[in-house]
Amino acid sequence: MSKHDFTPAEFADRLTRLRGAVAGAGLDWLLVLHPVSIRWLIGQDTKSYTIFQCLPISAQPGNLIMFTRGTDRAEFEADTMADAFRFYGGAEPEDPMRAFAVLADELSLRGARVGMEVPGGYLQPAHYIQLKSYLAEALVQEPFTLVANLRAVKSQAELTYIRRAAEISATGYTALIDAVAEGRSELELAAAAYHALLSNGSGIPASTMNMMTGERSAFALGGPTERRMRRGDTGLVEIGASRHRYTSTLGRQWVLGPASQRLKDLHAVILEASDACIAEMRAGVPAIVPHEAAKRVIAKAGLDQYRAHTTGYGMAPGFPPSWGESPNMFGGSTDVLQAGMAVSVEPAVFLPREGLGVRLIDNVIVTETGVELLSRTPRDITVVD
């Protein structure tokens, strides 16, 4: 995403709301570190998430200064809403913590009340330790949800990208099914799906494709391999299309030849669980409620021990390795569904001893009275003969 993907007014509104949230949390500054949060605020789309980067946000109006590596200078200057930049490294290595300390002193962070995002996977432990040591008593909070809660409810412009991503995901599944044949490898099927995604306007998905066939269908998160399809094999896939990083996923089941009765029975349970989950979803409902609805269906069928995955989660404009965000529909969740959230619904069972697994994935947009179902691909087992 670049600064051109949304209007200046939308970016300004996001910043205003975040400044208010920072002040409301009793903070003077928030160090924004998550790449999704940074792009939501200024529109960056670089690979700088692989190293240390930071966007300090003040509770008071002022210039936005982006701190990042010099390698990404041209892209940041051309494609973001930041007012100023502070770069380190690039042509030669440089310690980012020493360089950041100079900026932090200029902003008088050690004399303020500072909060810091601590995003798993995007902040190296050594950098985290050094930041805590440098900020010392000035670091009073690590409010990871401060930006995440604002991001979770999507604008109409964001929802337009998500709806388009859902359409592109469907083209990927159609292309995959057209490629299914005896002797065809999982990698070849994945290639057909990826070609359709990218040819129809998807960016590179933030997470790798989950695709498993035959006995590998019992793997919850397996990637495509050189395994070749045999007659009688089932297959399941999670396809994620990305439109300006806004992602929509689709998961469906197919079989090469007639489906076994066992596969039909398991699929019927998961379809019922998915319907039960969706029926409970609307604004104001705790995210655990639809999760428990799906769980009850699976447990009634005697399959609860084979659940190995969340019932669903929020869909982010993701960066590798994930496109997920709050809310989370799983046990212990304290999230509450809100109108405008884009959420996956994906109950599943995986039975390793039988070498068999079944999962359906649909995406929805939460509304005041229910959901808007984004997936249009039929949810029954696709039979390829």
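User: Which residue in E9 does Ser242 stand opposite?

Analyst: Ser242 stands opposite Thr247 in E9, where E marks a strand, a DSSP run of at least two residues, numbered from the N terminus. This is a predicted model, in which local features need pLDDT of at least 70 and side-chain atom pairs count only at pLDDT 80 or more, while totals for chains, interfaces and linings use all residues. Residues are numbered from 1 along each chain as its sequence is written, and side-chain values use heavy atoms, with hydrogens and water left out.

User: OK, and how many bridges join E8 and E9?

Analyst: E8 and E9, the latter covering residues 246-256, pair in the antiparallel sense over 10 bridges; strands pair if DSSP finds at least two bridges between them. Their hairpin has 2 residues between the strands, and His244 takes a positive phi near 50 degrees there.

User: What about the other partner, E7: in which sense does E7 pair with E8?

Analyst: E7 and E8 (residues 234-243) pair in the antiparallel sense, with 4 bridges. Asn210 has Glu238 in E8 as its bridge partner, and Thr213 stands opposite Gly235.

User: Are the faces of E7 covered or open?

Analyst: Both faces of E7, residues 210-213, are covered, with Asn210 and Met212 buried on one side and Met211 and Thr213 buried on the other; buried means under 20% relative accessible area with a 1.4 Å probe, protein chains only. E8 is mostly covered too, since 9 of its 10 residues are buried.

User: Switching topic, how much space lies in the largest pocket?

Analyst: The largest pocket holds about 490 Å³, a volume being the space filled by probe spheres set on the grid points, which are joined across faces, edges and corners. A pocket is an open set of points on a 1 Å grid over the protein atoms alone, where a 1.4 Å probe fits, with protein on both sides within 12 Å along at least five of seven lines, and lining residues have an atom within 4 Å of a point. There are 28 lining residues, and the closest to the centre are Pro321, Ser322, Trp323, Gly324 and Glu325.

User: Which strand gives the largest share of that lining?

Analyst: E11 does, with 6 residues.

User: And the second largest pocket, what is its volume?

Analyst: The second largest pocket has a volume of about 190 Å³.

Key: Buried < 20%, exposed > 50% of the residue type's maximum accessible area, 1.4 Å probe, protein only.
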